Amino acid sequence: GYTEVNPPLLVRDDAMFGTAQLPKFREDQFAASPPIDRFEEFSLLVHHMNFQFPDWVQNGELKLSLDRLDEFQKFIPKLPIADKHWLIPTAEVPLTNLVRESILDEKELPMRLTALTPCFRAEAGAAGRDTRGMIRQHQFTKVELVSITTPEESKNEHERMLSCAEEVLKKLDLHYRVMTLCTGDMGFASQKTYDIEVWMPGQGEGGMYREISSCSVCGDFQARRMDARSRGPDGKPRFVHTLNGSGTAVGRALIAVMETYQQEDGSIVVPDVLQPYMGGLKVIAKE
């Protein structure tokens, strides 16, 4: 099974870099640190090892006047600022980083972790899409699954994680389908991704499938960024493989249940598996 963890909701930029939220998806995140001085930000950018200088900066010597700071600003969002803190976009970030800069004994693997946390996303570029209701929110609650395993077992672990996510929908008796994403739709760190899409009768005209879970195997991509390794039978360290998936996106699951189980009179039948948690209530109806 999975070990439940209560992770922090604030993480540093090196944790976000480790799971590949930074620097590519910086604009989709909520920063929790106050903005730093423009000259300080400028200085950090100039000295950042991976920064590609504009053509008006030659041989590492700045040829810049104050009136060009605005022009320089467009490069700054690409830089993860040191000692900055971020609200987690998913519990994947703190859970996966639990093994950063460590060498695990492969006898301890697979390591399976789970957490129920609030998640925070700026959703930059999402204007006009699902902006009303509960489908797309800046803050939502989600159960996250994370696995740390060996390269030989990561493929099997991916299938196992998918089956765990499916089990929730099966118990709720919701109609769903599993999609294997093409390369262009996968996340930056992913080797292979399954999306679970649940049928929502009230969406669109006549209903539609909406993503409710995504399960990805990232190979050693995140492990290399975090320096997370394991020691095999030969005693030599090697990078672990990481996996992550949504166990339950609580808000979207609630929508799917309400729309699927709503009756003609507006009442909602409580799924059998949830009735023990509802005090035996079988139908939610207006009194």
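Strands here are DSSP runs of E of at least two residues, numbered from the N terminus. This is a predicted model, in which local features need pLDDT of at least 70 and side-chain atom pairs count only at pLDDT 80 or more, while totals for chains, interfaces and linings use all residues. Residues are numbered from 1 along each chain as its sequence is written, and side-chain values use heavy atoms, with hydrogens and water left out.

Strand 17 covers residues 283-284 and contains I284, a residue that is partly exposed at a relative accessible area of 40%, where partly exposed lies between buried (under 20%) and exposed (over 50%), for a 1.4 Å probe and protein chains only. Together with Y277, M278 and L281, I284 makes up a nonpolar surface patch with about 420 Å² of accessible area.

Two strands count as paired if DSSP finds at least two bridges between them; strand 7 (residues 102-105) runs parallel to strand 13 and is joined to it by four bridges, with I103 opposite R229. Strand 14 (residues 237-239) pairs with strand 13 in the antiparallel sense over three bridges, and R238 is the bridge partner of S230. The hairpin of strands 13 and 14 has five residues between them, and G235 in its turn has a positive phi of about 85°.

Strand 2 is joined to strand 6 (residues 85-87) by three bridges, and R12 has H85 as its bridge partner.

Key: Patches are made of residues with over 30% relative accessible area and no salt bridge: like charges are joined within 9 Å, nonpolar side chains (Val, Leu, Ile, Met, Phe, Trp, Tyr) within 5 Å. Accessible areas come from the Shrake-Rupley method with a 1.4 Å probe; for residues, only the protein chains shown count as cover. A salt bridge is a side-chain nitrogen of Lys or Arg within 4 Å of a carboxyl oxygen of Asp or Glu.
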